[in-house]
Amino acid sequence: MWYDTGMNAEQINETLNAIAASEPDTNSGKLFAYTFDPGNPAIKQLALEAYKKFSDKNCLDFTVFQSAIFFEREIAGMVKEWLRAPDSCIGVFTAGGTESVLLAALTAREHFKKLGKQGVPEIIAPATIHPSMSKAAFYFGMDIRKIPVDESGRVRVAALLEAISDQTALIALSAPNWAYGTVDPIAEVSSVAEQKQIPLHVDACVGGMVLPFMRLSGIEAPEFDFTLPGVTSVSVDFHKFGYTPKGASMVMFRDSEYAAGSIYVDSHTPGYVLVNRSILSTRSVGHLAAAYTALSYIGTKGYEQLAVQIQDTYESLRGQLGSLGFEMTTPSVPMILTFHHPTYDVVNFALNMKKKGWVLHLLKGYPEYNIPMTVHLTLSPVHSKMIEAFIRDAKDSCVENSGVSHEDILLHSEKFIRKLASGESDSMLIPLVLDMMEPDVVEKLIINAVNQWFKPK
Ligand SMILES: *Cc1c(COP(=O)(O)O)cnc(C)c1O
């Protein structure tokens, strides 16, 4: 059957505008995470122009579209300098942090096989590692073993070392982990990884575009890059603190021979010779062009300034939240601020803030590691002009009553679970409510729910 919807460009545009208007405003400075705003619209405009120029060019065949090679080498050159990688390094541009992490795990698996090791290759990572690493284990037939963390969310090195075995294919650490913003003791683990010849991946999806510039501008920053000899790969997201349009990340490998494990070549196909350095095959060169444009336009000096701006915002918010009686949950790098209160209920607080338009995150914490339930803010430069408004609303949110407290959720868990099942629950509370249910029940519930949401019209 032929559907003639008869929508003309104007009508389609109306639909687009209506949908866009119902979305959270990503330039409002009231969102934390999801969006990373340098506070300068010219950057995005330039990058999107670049995207348009190259949107039809195809990474699939970089012998035909050599712009794909040009941009990728230029970008890798910048990252090589920022992460102080050796000349032997090679960078692979990906669609995002998840793909970068997937490639790091896949490469480690291939290395494991190349060494002739038998059995299921295992990834060892802190409990605070990003879930994309578990997803990598799921995709590539690996196991992942989560190691306990201390009360700052950093991996317990002794426990990690104890977990190393013949099955260990990869150790993965964070610089920093997204939840708490703490950087694992990478230098300490690096020397063991080097000595035992086990690949070490540093997930710097969050920190890779800030920590090097903190160091360059004289702010103390934790060690995480290729100057640590045990580090074999590092993932860094451009679409976070690189402020590029979404769809841009890189995994940098210490040397191209090790990295070769993730290249897929198939010369016996019915069509063309397939050569993929990343997971996807056809991809727009536009993503590369846009990232190249933003990275070049901001440049080392620009990223230094933006890093300082984030640091200043962090210090100011930290001080003022401290005056309201909030306590920082963990020490952290300045892009992430986590806090809780010894007497106010943070659930009530966060719901009050939400009513005032702030989109914060509530982390359920790790009672087993002495990490309490926590409010999480991911700070980007745009927040520097939001400090006053945030603190004013935070002050009010401490005394107002949202109608729901953490205790309510615990006491009336049945009610909240029912609300969740019927799609009524506040998205911020979902992790707390889910936490009270059995994991397999939770998974079924979520799969059913998303199948409903995405049912074709
Ligand atoms: C965001 C993030 C990722 C995954 O990145 P996506 O771009 O969302 O796929 C991986 N690790 C960390 C630490 C992150 O913050």
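Helix 3 passes helix 10 in a left-handed crossing. A crossing is left-handed when the near helix is turned anticlockwise from the far one by less than a right angle, and right-handed when clockwise. Helices (DSSP H or I, at least four residues) and strands (E, at least two) are numbered from the N terminus.

This is a predicted model, so local features need pLDDT of at least 70 and side-chain atom pairs count only at pLDDT 80 or more, while totals for chains, interfaces and linings use all residues. Residues are numbered from 1 along each chain as its sequence is written, and side-chain values use heavy atoms, without hydrogens and water.

**Helix pairs**

Two packed helices are described by the angle between their axes and the distance between the axes. Axes are lines fitted to C-alpha atoms, for helices over the stretch in contact, with angles from 0 to 180 degrees between N-to-C directions.

Helix 3 spans residues 67-82 and helix 10 spans residues 286-323. Their axes come within 10 Å and cross at roughly 25 degrees. That makes helix 3 roughly parallel to helix 10. Angles under 35 degrees count as roughly parallel, over 145 as roughly antiparallel, 65 to 115 as roughly perpendicular and the rest as oblique.

Contact means heavy atoms within 4.5 Å. From helix 3, the contact residues include Phe70, Phe71, Ile75, Met78 and Trp82. Their partners in helix 10 include Leu288, Tyr292, Leu295 and Tyr303. By class, the contact has twelve nonpolar, two polar and three charged residues. Ala, Val, Leu, Ile, Met, Phe, Trp, Tyr, Cys and Pro count as nonpolar, Asp, Glu, Lys and Arg as charged, and the others, Gly among them, as polar.

Helix 4 (residues 97-114) packs on helix 5 (residues 132-139) at about 50 degrees, with the axes 9 Å apart. That makes helix 4 oblique to helix 5. The crossing of this pair is right-handed. Thr98, Val101, Leu102 and Ala105 in helix 4 meet Ser132, Met133, Lys135, Ala136 and Tyr139 in helix 5. The tally is six nonpolar, two polar and one charged.

**Cores**

A nonpolar core is a set of buried Ala, Val, Leu, Ile, Met, Phe, Trp, Tyr and Cys residues joined through side-chain atoms within 4.5 Å. The largest has 108 residues. Leu360, Leu377, Phe390 and Leu429 touch the most other members. Helix 10 gives the largest share, 14 residues. Beyond four places in sequence, Leu377 is in contact with Phe32, Leu317, Met335, Ile336, Leu337, Phe339, Leu360 and Phe390. Apart from this core lies another, of 24 residues, including Leu103, Ala105, Met133 and Val251.

**Ile430**

Ile430 sits in helix 15 (residues 430-434). Its relative accessible area is 26%, so Ile430 is partly exposed. Buried means under 20%, exposed over 50%, partly exposed in between (1.4 Å probe, protein chains only). Ile430 touches Leu420 and Ser425, leaving out residues up to four places away in sequence. The C-alpha atoms of Ile430 and Leu420 are 7.2 Å apart, across ten residues of sequence.

Most residues other than glycine have a negative phi, and most peptide bonds are trans. Two residues with positive phi are tabulated below.

| Residue | Phi | Relative accessible area |
|---|---|---|
| Gln197 | about 60 degrees | 66%, exposed |
| Tyr243 | near 60 degrees | 7%, buried |

Gln197 lies in the loop between helix 7 and strand 5 (200-203). Tyr243 lies in the loop between strand 6 (231-237) and strand 7 (249-253). The peptide bond from Ala175 to Pro176 is cis, with omega near -10 degrees. Pro176 is in the loop between strand 4 (168-174) and helix 7 (186-196).
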